[in-house]
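Student: I would like to go through the labels used for this model and see what each one rests on.
Tutor: Go ahead; each label can be set against its cut-off.

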Amino acid sequence: MFNPSSGNTVIKSKLISRRMFLLSAAKALVMVGIIGRLVTLQINERSKYKTLSDKNRFREWKLAPERGVIKDFFGKEIASNEQVYQVHLIPENTKDIDRLFVRLKTILNINDKKLFFLKKIINKQKPWEPIIVSDNITWSEFSRLNLFLHELEGVKPIVSVARMYPDNSSAHILGYVSQVSSKDLQTKKYLKDKHVPGMSVGKTGLERKLDEQIIGEVGFQRYEVNAFGKRIKQIQVNQGKAGKSFKTTLDFEVQKFSSELLKDKAGSVCVMDIYNGDIVSLVSSPTFEANQFVHGLDKKYWKSLIKNEMRPLTNKALSGLYPPGSTIKTLVALSALENKVIRPLDTFKCTGKIELYGEKFHCWEKDGHGIVNLRKGIQRSCDVYFYEVARKLGVDRLSETAKKFGLGKKVLNGFIEEKAGVVPNTSWKQKYIGQNWYLGETLHSGIGQGYFQSTPLQLCLMTAQIANGGYKIEPRIIFDKKNNNLRDYLKYKNNNPNDPLPTDLLVSNFDLKPLFKNQEHINLIKDAMYSSSNEPGGTSYRHRWENKKFTFAGKTGSSQIKKFTEAQREAEVKQESLPYKDRDHALFVAFAPYQNPKYAISVLIEHGGSGGKTAAPIAKKVIKKVLERHDLRKAATGTLGENV
Amino acid sequence: MFKARSIQSSLSLKDKILSIDYILVCSIFILGLISIIAMYSTDGGEFKYHTNSHILRFFVFFGMFLTLSFIQIRFWHSQSYLIYVLFFILLLGVKYFGLTSSGSKRWLDLYFMNLQPSELMKIGLILFLAKYYHRISIENINQLRFLFLPIVVLIAPIILVATQPDLGTALLIAAGGLTVAWLAGVRVKFFAYSGLAFISLLPIAISFLKPYQKSRILTFLNPERDPLGAGYQIIQSKIAIGSGGLFGKGFLQGSQSYLDYLPEKHTDFIFTLFSEEFGFFGSLFILFLYAIIVWRIIRIGNQTRSNFGKLYCFSFGTAFFLYVVVNMMMVLGLLPIVGSPLPIMSYGGSSMMAIMMGLGIVMSCKVYKDTPVN
């Protein structure tokens, strides 16, 4: 049977085949296109995509390193690390988070507020990311948690390490650590590489100063992760490196002792080795619980710290600014001697007050000290004598000496809380107040009032530099065997008393900077300080040590808060009867033992009234404690000179 | 011809088996085995749900393909319209009884499997139009009244599929139908006119697009537009393929797919997974297999005497080629993500069924190549 349209069919068949041929050619082109694309992706751009693929694949988790410890001079840890028990939770692994929280509440001491906060975090992050329910629970809580662990799906008990301060006596100088804040991340560049969530950083004190080195090297765990960020397997671990540990010059026993003496008072104690600047003790009171800062501060406690009028968070030795009061008289006298304004035996008559351009300048002794020379002026702390001396000396020459001895600038390196203080002079006033200097202000400066501002540490340094014979020292708090130049020099001098070498050559050999023109002047001041502490009539005579071993030479001082009105002066108002806030700050500086000085001390009692009454007795006790421990200290290093 | 016909009708079973195109069968089988390997990799190197059910489907439908090969070409010719109508009814059924998954209604629940009639329609439309153009004489092909029916049978299923919504499949169905019409001799000007009409209607069409469809097209134009959203698939797919390099990362070593960066790795992105693990040469091999399959299909069309067979084989071969290249261009970032499976390789029963059925009819053209259909 032939198809009637068979010719038609053949034509159609040819048409179809012709068109199919065109289509096939198009297909070949498309094929080439696809192969070309494969070549581009898999051969030409291979490395680019390989990198992208690895970037997808691997993710790193940083591991917080263990913070280095801070030790005292004898190796005792004053900022150490302790094991802490923590509760972590992986929300993904629990079926019912609310029920779990109810159960946790019966086991741990956590409140609803905290749970609410945790829930907020859980909602924010991925369900497999662990959250820290509590970063510090007690052992009994921890053991109870472990007991009930089978009921607590998703909860992980963790043993970790956190900062721990065994004692609060050094809280101020050590500072504290706390969680990294966003401000820390902005301001502290080193945190860029070192930041690990949940890590603590030093906020104040040594913890802050040493932070960069004490944090340690951050470790990491590298994981292969899937598209949802879930860890699939661990590829690499690096535990990091614990932070560097530091040995300080502080003596923990003295710290504790001083802190105990300052209990219930607002004040500070600084003790310094006069030859190498080692800070043996630096205590501020009242102190605070540094441990509280490590695991998130309790709001109530924080408020109580902030509200306390004794300002427990301030390190008074470093950042408290007080007029140096009569303690400056040592420098006024020295400056006057050095500038040949007075001779030691020049006298002035003290009648209790002097008048200048109609203004009255009172001596603290209402009835006056009578005829006063330099030694008596310092011994009795006669204000009128120093008004006269200051008037002759002028404030600019005084400020020069004061600055040389370390006032008016920061004493230590790297403590953000440290204040520089003020040493006023004519150009300073012009610059900062915009007024000319008045002669009356010179008189106020001569007794350490007025614009003068200093920290107790500066006063301690000043005293130390007088005590060591007038040589510049650099206070230090990190233990360092080197830079005992002054000690070496003195040792040499003791061994070779007849060495004809001129002093200045020795000085250049031992890299010392004398702060005097004539060392005899320094000795005069030291002698006057001795009389102030050890001879009848001296301002701290009542608190002397008879024992030669402990005998100290000191200078009292009080920094005025409010100027006495004439009425008050007439009524002979006593400091004790004033409201606490209006009482003068009591100051006392000293060095000991007098015969063979080793240490300098400064004591400040805020609103303590007069230095002789409240500050000197504390200094007396601390001096004894420090000197008793001197042999131990010497034995601990072997670098302390025998006869100095 | 008469003689030839008598020979054809008296083909013994042995003759039939011998006349099968073994190169085509082998290529399909090898591709099937490769697809099983790839599926095994998507399951993370274990025989899990996807692998097992893919193996089952491949062998069942491969068996169906061989069985269909022996069905008389006359049967396919005579039942073409009916098959189309049947598939169309199934498509209508989807509209009313379909299963909805991730926002689109594409499946019918047949208890033992979820059937996607739009996949079957790819074959049904080609069959219908092949028969239609086989029957009308060459003079009538370009007459407007004879264009009416093809347009209706083309547009009707496309609208149904596009509104599921499944734009990709709708376009591929259309492509298959248009191929038949063009091969049969419909003048280029009609395509040009309808192309112009399509472009002028495009703004209206775009207004009907779902937001995700618009976003896919925009994403295709600039994948980095939204790297974590719509562009994610294209970017991750390119990363996977590119990082495969010359020799690939190795079997079961494809980190992109293993770590779930690759979306839809069982279905649309199976080529990406394979390309990541076996590299440029692996990809070339797959392309080579597909090229052989298309070549054999077209060769069978050339050998077939009936215009119905020719039209069917050429159109199906072209459509098959389109399915392959559209999928590949999609995962290679050359086309927007429209959601079209890679024939035989991708996981999916309906697609496998439709492709095997289509191949079965091609093979029946080969076995009965000298049999006239009417």
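Tutor: The model is predicted. In it, helix α7 (residues 144-162) of chain B packs with helix α8 (residues 167-184) of chain B at an angle of about 170°, and their axes are 8 Å apart.

Student: Why are α7(B) and α8(B) called roughly antiparallel?
Tutor: Angles over 145 degrees count as roughly antiparallel. The angle here is about 170°, so α7(B) and α8(B) are roughly antiparallel to each other. The crossing of α7(B) past α8(B) is right-handed.

Student: Which residues of α7(B) and α8(B) meet?
Tutor: From α7(B), the residues include B:P150, B:L154 and B:I158; from α8(B), they include B:A170, B:I173 and B:G177. By class, this contact has eleven nonpolar, two polar and no charged residues.

Student: What makes strand β12 (residues 279-285) of chain A mostly covered?
Tutor: A residue is buried if 20 or more other C-beta atoms lie within 10 Å of its own. In β12(A), seven of its seven residues are buried, so by that cut-off the strand counts as mostly covered.

Student: How do you know that strand β11 (residues 267-273) of chain A and β12(A) pair?
Tutor: Pairing needs at least two bridges. Six bridges join β11(A) to β12(A), so the two strands pair, and they run antiparallel. A:V269 stands opposite A:V283 in β12(A).

Methods
Residues numbered from 1 in each chain as written. Chains lettered and ligands numbered in written order. Predicted model: local features only at pLDDT ≥ 70, side-chain atom pairs only at ≥ 80, totals over all residues. Axes fitted to C-alpha atoms, helices over the stretch in contact; angles between N-to-C directions. Helix = DSSP H or I, 4+ residues; strand = E, 2+ residues; numbered from the N terminus. Parallel < 35°, antiparallel > 145°, perpendicular 65-115°, else oblique. Left-handed = near helix turned anticlockwise from the far one by under 90°. Contact = placed C-beta atoms within 7 Å. Nonpolar A, V, L, I, M, F, W, Y, C, P; charged D, E, K, R; others polar. Buried ≥ 20, exposed ≤ 12 C-beta atoms within 10 Å, placed from the backbone.
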